[in-house]
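Let us go through some terms used for protein structures.

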Amino acid sequence: MTSAAPTTQQELLGPASSDGSSQETTSPPSSETRERDCPFCTSRRGAVVPNRFEQTRDAAHAMLWLPTMCPECSAHQDAELQRIEIERQQAEARMESQRRIDDIRATGIPESYVVGKRGEASLGRGPKTESYRAAREACTDLLLGRLQNAPWIYLCGANGTFKSTLACCTLLKSLQAGKPGRYVLWPDSLDHLRALNRDGAPVSVKSYIDRLVAIPRLVIDEIGLGTPTSFAAEKLFIMLEKRYQLDSAARPGQRWVIFASNRTVAQVTKSYEPFDEFLMAPRLERRIAEMSTEIEILVEAPAQEEPRR
């Protein structure tokens, strides 16, 4: 049977000498004593853990007598410290992912391009296969390379060819490089412009267009979608004409526009002709053709569960 842990000062400091002073032992406790004095085990039994550091005047000698954890408690403590470290790293990863999501949301990019199914920061829709990711990265790099030569790119193709995904991924890559930009859905912008065209609007139509012009890197999605009117043609031409003045004079890659639509440039401008009392459509087509590289996406992506544009 194992003897109880020493609790008196005489037992802690060793036998007394002939002159009445205590005689300190110079050798460390045995392994059995050290395991018996494990602070975790003794405290679990309700015993008082002796504090030899306070009861011994020789600090260097006291270090030999400090209670030592048994192997079982030592392994338990290591596992607990590892669990705490893993939880800390996971919390930091969640905070970093949320920060990225908030930064991306501020650009106007749709929620489906921002947050993945598990709540992590996403880089666009599409299959989660490595081949698709590699193809998407290659196309994104291609678009960024084209924008060094032509300040505007016009992506067109059928529904489901990931035009919007490529445009948003290009914008996201610029954001990761510290270059600001914004995503706008053109039908929503038209609705906003019509609302501002009424009396008593807090912001003028001109101010809103100037904001779009001031954005250095802009993605205009679903251009040509909605009811074609002379108002829509006029405001689109004014915005692009102002951007033309700035984008053509900027250094390569500093200012650009990516359009995404399921119609070609000719189809978009032709839809405005019956309502174009100011003859904006021909000038709009010439301006886009002059400034942009039109890329038609012909290969359809694999079918997905969620809808794509």
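**Sheet, helices and cores**

Asp-221 stands opposite Ala-260 in E4. This is a predicted model: local features need pLDDT of at least 70, side-chain atom pairs count only at pLDDT 80 or more, and totals for chains, interfaces and linings use all residues. Residues are numbered from 1 along each chain as its sequence is written, and side-chain values use heavy atoms, with hydrogens and water left out.

Q: What makes strand E3 and strand E4 a pair?
A: Two strands pair if DSSP finds at least two bridges between them. E3 (residues 217–221) and E4 (residues 256–261) have five bridges, in the parallel sense. So they count as paired. Strands are DSSP runs of E with at least two residues, helices are runs of H or I with at least four, and numbering starts at the N terminus.

Q: Why are E2 and E5 called edge strands?
A: The open sheet has the order E2-E3-E4-E1-E5. Strand E2 (182–185) and strand E5 (292–297) each pair on one side only.

Q: Why is Met-280 called buried?
A: Buried means under 20% relative accessible area, exposed means over 50%, and partly exposed lies in between (1.4 Å probe, protein chains only). Met-280 has 11% relative accessibility, so it counts as buried. Met-280 is found in helix H13.

Q: Which residues does Met-280 contact, leaving aside its neighbours within four places in sequence?
A: They are Ala-233, Glu-234 and Phe-237. Contact means heavy atoms within 4.5 Å.

Q: What is the handedness of the crossing where H11 passes H13?
A: The crossing is left-handed. That label applies if the near helix is turned anticlockwise from the far one by less than a right angle; clockwise gives right-handed. The axes of H11 (residues 230–247) and H13 come within 10 Å and cross at roughly 35°. Axes are lines fitted to C-alpha atoms, for helices over the stretch in contact, and angles run from 0 to 180 degrees between N-to-C directions.

Q: Which residues touch the most other members of the largest nonpolar core?
A: Ile-220, Met-239 and Tyr-272 do, in a core of 35 residues. A nonpolar core is a set of buried Ala, Val, Leu, Ile, Met, Phe, Trp, Tyr and Cys residues joined through side-chain atoms within 4.5 Å. H11 gives the most to this core, with eight residues.
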